Amino acid sequence: MMAVIFCVNGEKKSLIRTIMSIGGFALLCTSAYLTIQFLELRQIDTTSEFLFTESVMWYERFNIHYSVGVDGISVAMLLLSSIVVITGVFVSYAMEEKVKEYFLWFLMLSIGVYGFFISLDLFTMFLFYEVALIPMYLLIGLWGSGKKEYSAMKLTLMLMGGSAFLMVGIFGIYYNSIPAGGEGTFNIQEIAANVQALKAEGGDISWEYIFFPLTFVGFGVLGAMFPFHTWSPDGHASAPTAVSMLHAGVLMKLGGYGCFRIAMYLMPDAAQEQAWIFIILTGISVVYGAFSACVQNDLKYINAYSSVSHCGLVLFALLMMNKTAMTGAILQMVSHGLMTALFFALIGMIYGRTHTRDIREMGGLMKIMPILCVCYVIAGLASLGLPGLSGFVAEMTIFVGAFEHTDFFHRTFVILGCSSIVITAVYILRVVGKILMGPVQDKHHETLTDAVWYEKVAAFGLIAAIAAIGMAPLWLSNMIGGGIENIAKLFTYGL
Amino acid sequence: MNHEISLVVVMTLVLLADLIIGDKNKKICQIASIGLFLAHTIVCFQWSNSYSPTEAFSGMYLTSEIHMFVKNMLNIGTVLVFLYAYYWNTHENESHAGEFYFLTLSTLLGMYLMISSGNFLLFYIGLETASIPMATLVALNKKREESAEAAAKYILTAAFSSGVMIFGISMLYATCGTLYFDGVSESFSETPLTIMGLIFFIAGIGFKISLVPFHLWTADTYQGAPTSVTAYLSVISKGAAAFAFMCILMKAFSNYPDVWKEILWWIIVVTITVGNLFAIRQKNLKRFLAFSSISQAGYIMLGVIAGSDQGMASLVFYTLIYMFTNLAAFGIISSIEDQTGKVSMDDYDGLYDTNPKLAVVMMLAMFSLGGIPPFAGFFSKFFIFMAAAEQGEYLLVFLALLNTIISLYYYLLVVKAMFIKKSDNPIPTIKIDSMSKVGLIICTICILALGFISPLYTYISERSFGF
């Protein structure tokens, strides 16, 4: 169903670039086609949870299947991934060193991401999850900048640490969801059904209270949940541009998606009981990330902390456990994926010219490279939630949904969360003011050039997507909403 | 018995060949040895499909399809070791090449007997047959002092541990009145003497598998021994002992799993942790792999503690994949050491720039050892953890998983040295001999493909047994 490209052949750099662009474009077309097909089929087939499902027996002993399928949420994520992948390819067009290896690892990362979003089997999902993690080590370590070896190691080990939690969680889910006299299964839908059946029979579901936090923390590490977010700023700052884009844009969404699809879907009771712990933690990451971004001087660090804040908001909204907020969470994933990719792309382009990311050493860039800077302003506006761009739609939905909870605890945290929008404005405007406006700080910067064609393609593509979601969010939120309902109905205030 | 008989025939032929034509045509002699063993390996595959569980010598000797499978697995591993050793044997070790093959095969015979034993006495004989020639193998590198030192360390600890073990066995005999596994299982009672016997027995076999706290010989011996012998020690010898250990626990001590599970639980935790923590500090790659193999032994023991048929299946599967993975790493190390004499981790800086293929294979091996998908090591780790989790050992699995993070750190150090670091004095581009090349290609294919071939696991698990 999903075409996977391999470009193992080819010694010539330009050839590889061309193959990658064509491949990326093909991927984008496939995803777009899939979206259209999905929307059409959804009109006809309104009952089944997942569409385009396929399942092949893999390990018979454990009932492991290679099973894939999509619902509205996965389709949205796939669309996001393909946009980020193709723009990532364009951004790394100027790459000179070890191009072939770079793109091979880049592809492996993308394969992991795609595989994760379409998997319906816990085992395959976990496999793809780890496939997506390990290329990061070499991508950052080899092609990164700054203290790259340290960051690469930190990122890999922390994320692998998360997957250790996750693996125990998966075993716990597998063995405890086996129905009496039945066979264990790794299929997500079947597990969910088994768990519901178990609950209906009045069976013991206390295991959920052990394995829910394990699984949630496991994915939460990737979703940059406080206090497990520390890999994110270092990792993003050291990674090469396209990898930062893909990582912040898509890979961090794996965390949110996993929390939602595995932790909350399979263990709804524990999720409801224990949500308060994670609401506190994610509430902290939202505010803390935003405040940290205010005091950073490195452009990439600012954006990395802003990602912590925004991804915290995703998890925060998921934990509100009603349809509106959850839809907002997925919208936020898409929107944040696009705009953070745009941010990192632009930072990479600016860094490639000025050779500094320190905002104190830059100024007045607007006069020198107007196109890049306008794009940067647009990204900033999307990030602080200007109506008409995607950020507004997502955050609006989240907070409307979150406000449906009337108790004191939720209200406090929602208001706290809302305040992050203001703080976001502070750090975005601070950067815009310092580097784009004002006098030119460094005389050498005056000779710099503006964007070249492939950079324009990348930036405009992302802006178009951001604006499209901002202007016409309804089809997207309907598509997502369909997927959300299946999970939201498990919760008390779900629908 | 076919495996053993055929192996004895091959051994005798190898010895005769070395005697008769060994002095004149050393190369032919070597190729003949490898060829004969290869023929043995292939022929053994023919037999392994037709055997139902049988016994010989009134229960002394047991065999079944899973035993056959493990023996075939050891055969394949030995063939790979022979392929790697060829270059060393034709260059440095020319005068003693014949001995190398003969001694290796006799340890292999010992391992066959260990695996198939139905009686503690036969097990002990197998263990000794496997240990004593091994000490000679370790000492085979006559030009290096370390080799002799390593052999001395090995033989002393081996002698001591088998002394402890046979003492334990005698205690079991005193309380149970029999040495047959079935008999011990029936009359085993929880008295201090039997438990003491059990502990002594575990200590003895713990030496073979190099479980902490019986691991102290490992690093020095691995470092001093010729690299092919190290590879053999770390993979074949360890795999055979682990499987034999599981078989004995399943057969002889199945009535009181609580007793040995408790002991094993702590041994596993300590083994994995100590192995991993010490591996971080190692600069010599052979020592590094020694500690890594200690921690891997701890993971293998997870299958034993599960004690179910799934535990055994995942243990065999794990050993199989560990064999190919570790042999890939040792293949690289031994070819580089044979040709340039470099074994330190710093020497591997910038390997990718000079020897990209070797670096990639080494990277695959490291990732597979660290349990990174989509390489085979991920699958074997997943299944062995799953087997332990099935028995409710979630805490143990969690501790083991945290340890995989530590292990990933040092495996990544090797990857970092090869790919990321730059060196002023890198290893020159070397051309590995065709025999090692074949071995490395086989290992690489297995690392890449074995995880995806699910019928293999199904085959193993259908033939495994628990208690």
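Colleague: How many residues of chain A are in contact with chain B?

Modeller: On the chain A side, 37 residues are in contact with 41 residues of chain B, where contact means heavy atoms within 4.5 Å. Bear in mind that this is a predicted model, where local features need pLDDT of at least 70 and side-chain atom pairs count only at pLDDT 80 or more, while totals for chains, interfaces and linings use all residues. Residues are numbered from 1 along each chain as its sequence is written, chains are lettered from A and ligands numbered from 1 in the order in which they are written, and side-chain values use heavy atoms, with hydrogens and water left out.

Colleague: What area is buried between chain A and chain B?

Modeller: About 3,700 Å², with carbon and sulfur atoms giving 79% of that. Buried area here is the accessible area (1.4 Å probe) that two parts lose on being put together, summed over both. In chain A, the residues that lose the most area to chain B are A:Tyr59, A:Arg61 and A:Phe171, together 17% of what that side buries.

Colleague: How many salt bridges are there between chain A and chain B?

Modeller: The count is one. The side chains of A:Glu149 and B:Lys416 form a salt bridge at 3.5 Å, N to O. The term covers a side-chain nitrogen of Lys or Arg within 4 Å of a carboxyl oxygen of Asp or Glu.

Colleague: And which elements of chain A supply the side that touches chain B?

Modeller: Strand E1 (51–59) and helices H3 (99–118), H4 (122–143) and H5 (148–176) of chain A each supply at least two residues of that side. H5(A) gives the most, with 16 residues. Helices (H or I, at least four residues) and strands (E, at least two) are DSSP runs, numbered from the N terminus.

Colleague: Switching topic: how many salt bridges does the structure hold over all chains?

Modeller: Over all chains there are 16. One of the pairs joins the side chains of A:Arg261 and A:Asp71 at 2.8 Å, N to O. A:Arg261 lies in helix H9 (residues 241–266) of chain A and A:Asp71 in the loop between strand E2 (64–70) and helix H2 (72–91) of chain A, so the pair ties together parts that are 190 residues apart in sequence.

Colleague: Nice. Where is the cis bond at A:Pro227?

Modeller: That peptide bond runs from A:Phe226 to A:Pro227, with omega near 0°. A:Pro227 sits in the loop between helix H7 (208–222) and helix H8 (231–238) of chain A. In chain B, the bond from B:Pro373 to B:Pro374 is cis, with omega near 0°, and B:Pro374 is in the loop between helix H15 (356–370) and helix H16 (376–390) of chain B.

Colleague: Last one: what is phi of A:Met321?

Modeller: Near 55°, a positive value in a residue other than glycine. A:Met321 lies in the loop between helix H11 (299–319) and helix H12 (323–354) of chain A.
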